[in-house]
Amino acid sequence: MKNRRCTLVLVMMVLSISLLMDHAHARENNAKKSSGAPNAGKTRAPYVPVLRIPLRVHLSMSKRPVKEWMVILEEINRIWWSQAGICFEIEAVMHDTILKDGMDIWFSPPADEGVVLNGYFEGAHDIWVRDTPKLRSAPNPARHRAARTAAHEFGHGLGLNHRQDSDDNLMRSQTLGWRLNAKEVGTVRKHAASIALPDRKPSRCKAPILTP
Ligand SMILES: [Zn+2]
């Protein structure tokens, strides 16, 4: 009888420990899921090979300090790399000479502050985003408005049209959404493969660099 009671106590202890561990895992998973920041904490791209696209960022007309741009440019890469295995090898410059390959983008205030346009894509080397776009919130918002709008314009550059069914969509107009669906990922990876750097071994892009 005594032995049986001991076994019962032991079984109950094992059960409660495994229940506690399950709770701990659930808490951790929920914390990951509820993070609003684009893909915080991801260490591996969801698609390989990672497709790296050269990008020149023209800041000569921007009114924002250069140091603000570095975190914005890193967020653009997080949005694309963590969802589609695409990133940009970014060189920020203070001149207007364009790249031969990849893409070029200019950041600046609009000529007239009354302009409602946040950005446009007119071709791989003719992309513009205003310094501080005007965007509505989203359930899972991007951190920086300029990062979201630039990532949206690159979506057009990689073959995507607008998709207005949720404020969380990257291709929704004028929100802070940054999410792509599986169909969009298929489209952009096909397009990106045709313009990406031939070396497909690196698993992510380097940090943005600034050259005068
Ligand atoms: Zn658009």
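Helix α3 holds both His 152 and His 156, which sit four residues apart, or about one turn of the helix. In this predicted model, these two histidines, together with His 162, coordinate the zinc ion.

**Zinc site**
- The zinc ion is coordinated through the NE2 atoms of His 152, His 156 and His 162, at 2.0 to 2.1 Å.
- Along the chain, the donors of the zinc ion follow the spacing H-x3-H-x5-H.
- His 152 has a relative accessibility of 5% and therefore counts as buried, the cut-off for that class being under 20%.

**Sheet**
- Six strands form an open sheet with mixed pairing, and their order is β4-β5-β3-β1-β2-β6.
- The edges are taken by β4 (119–121) and β6 (209–210), and because each has a single partner strand, one side of each is left without a neighbour in the sheet.
- Strand β6 pairs with β2 (residues 86–93) in the parallel sense over two bridges, and Leu 210 of β6 is the bridge partner of Ala 92.

**Helices across the sheet**
- Helix α2 (residues 66–84) lies across β1 (51–58), β2, β3 (103–108) and β6, and runs at about 165° to β2.

Definitions and conventions: Residues are numbered from 1 along each chain as its sequence is written. This is a predicted model: local features need pLDDT of at least 70, side-chain atom pairs count only at pLDDT 80 or more; totals for chains, interfaces and linings use all residues. Side-chain values use heavy atoms; hydrogens and water are left out. Two strands pair if DSSP finds at least two bridges between them. Contact means heavy atoms within 4.5 Å. Axes are lines fitted to C-alpha atoms, for helices over the stretch in contact, and angles run from 0 to 180 degrees between N-to-C directions. Donors are N, O and S atoms within 2.8 Å of the metal (3.2 Å for Na, K and Ca); water is not among the atoms, so sites may look incomplete. Buried means under 20% relative accessible area, exposed over 50%, partly exposed in between (1.4 Å probe, protein chains only).
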